[in-house]
Amino acid sequence: MSACLKSMPKITCKHFKQCGGCAMLDLAYEDQVAKKQERLKEILKDFWSADIPATKTDHPVFFRNKVELGFCRQPIWKEPFDKKAKRDKTIPLEFEQTLGFKLKGRWDRAVDIEECYLFDEHLIPLLTAVRAWAKAENLEYYDHRKHTGVLRHIMLRVGKNTGEAIVVLFVTDDIPEKTFVQAVESVWPEANIMVAVNTGLADTAAPESLRVLKGKDFISEKIILSGPQGEKEREVLFKLSPQSFFQTNTLSAQKMYSRVRGLVKEISPKVIYDLYGGAGSFSLSCADLCEKSLCVESVAPAIYNGIENAKLNGVQNVQFFCAKVEDFVKQQPLERKDVLIILDPPRSGMHPKAAKAVAESGVKNILYISCNPVTLAADLKILTQYYDVKDVEAFDFFPHTDHIETLVQLKLK
């Protein structure tokens, strides 16, 4: 099912309300966006009273460029699952092996995914092939309570603008690598294939080591930036390893990057402070519009990705700083003249010291990109002591969930 949902009231999935991947699949896509807009307006009502426009995802199916799924060895519940129900301990437990997204509200149980519209048409055939391979090789799925088993996670990543793909299997021990490669190739012959070792207790797809089984250890992706009439203005290339940070909805992200680029052209700064800049996507998107951009990010691998991607694009006027924003602004006071600040903090929002420093910086223009309206509102309480909110708009990156991205323009009072 690859058709755009705009002509459809809604789609159905057999795992809805069990799987934690979707929360709003029972609503038509237009209604999902409207509900998010209402919630956003309510949360930001102290700062913005007008309606908030939202840029929608063009194709609300198969929009994600990355997914991580877990292998779980778990007890079988023979009645409808209720996490509050008490088990009859006189009956011995029977176990099942599942591969999929986590059961809603549970860290130790997964839904055995047989249907999904989030990632790519390859997902379900690939999971079917991997299950068959694991059964044929008698490989045990990971037990999250006992910390036993060989198979832990599988990560899939695809370039929506390039078609390149990578499949990474996370394991605790050696596996029959040749037959795993054959299983993946049977449904996705062009994919790069890697194996990662993870023996840690934390339930994350964080590898201790990564090794190529076929192809290369990265994929290429690009962001195509457009002007106001839809004309192509700039193309930015990205080299993405399995762990590289990148916006999960490529096609919607490039709409937001294009919008930010348009605002940067209007503001015409000489210097951009790209705070909480990740791998420098905003800096690289706007590098030709300023004299220099300073990308500040505390996650070292993101900085390494940014430096590598700057070289890939021939960009020489972006400087990368591996530091917490609150430390950076203390050690290096922000310039004021002909400066723009771009903020893109994590879901937890800005550190209070960073918010205070930005608020008192005297910089004329700020663009704040938020993935969490609640922490955005908390930060705006600090920023609006010195700044007026000039405009607010939303971008829907994650159909069928309650998440939405917000872009706020702030101007010095």
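Tutor: A cavity is a set of points on a 1 Å grid over the protein atoms alone where a 1.4 Å probe fits but cannot get out. Grid points are joined across faces, edges and corners, and a volume is the space filled by probe spheres set on the points. This is a predicted model, in which local features need pLDDT of at least 70, side-chain atom pairs count only at pLDDT 80 or more, and totals for chains, interfaces and linings use all residues. Residues are numbered from 1 along each chain as its sequence is written, and side-chain values use heavy atoms, with hydrogens and water left out.

Student: How much space lies in the largest cavity?

Tutor: The count comes to one cavity of 30 Å³ or more. Its lining, meaning residues with an atom within 4 Å of a point, has 14 residues, with Cys13, Cys19, Cys22, Leu25 and Cys116 nearest the centre. The space in this cavity is about 110 Å³.

Student: Are helices α2 and α3 roughly parallel or roughly antiparallel?

Tutor: Helices are DSSP runs (H or I, at least four residues), numbered from the N terminus. The axes, lines fitted to C-alpha atoms over the stretch in contact, with angles from 0 to 180 degrees between N-to-C directions, come within 8 Å and cross at roughly 155° for α2 (residues 123–136) and α3 (residues 177–185). Because angles over 145 degrees count as roughly antiparallel and those under 35 as roughly parallel, α2 and α3 are roughly antiparallel.

Student: Which residues of α3 make the contact with α2?

Tutor: Contact means heavy atoms within 4.5 Å. From α2 come Leu126, Ala129, Val130 and Trp133, and from α3 come Thr179, Phe180, Ala183 and Val184.

Methods. On a 1 Å grid over the protein atoms alone, a cavity is a set of points where a 1.4 Å probe fits but cannot get out, and a pocket is an open set with protein on both sides within 12 Å along at least five of seven lines; lining residues have an atom within 4 Å of a point. Helices (H or I, at least four residues) and strands (E, at least two) are DSSP runs, numbered from the N terminus. Angles under 35 degrees count as roughly parallel, over 145 as roughly antiparallel, 65 to 115 as roughly perpendicular and the rest as oblique.
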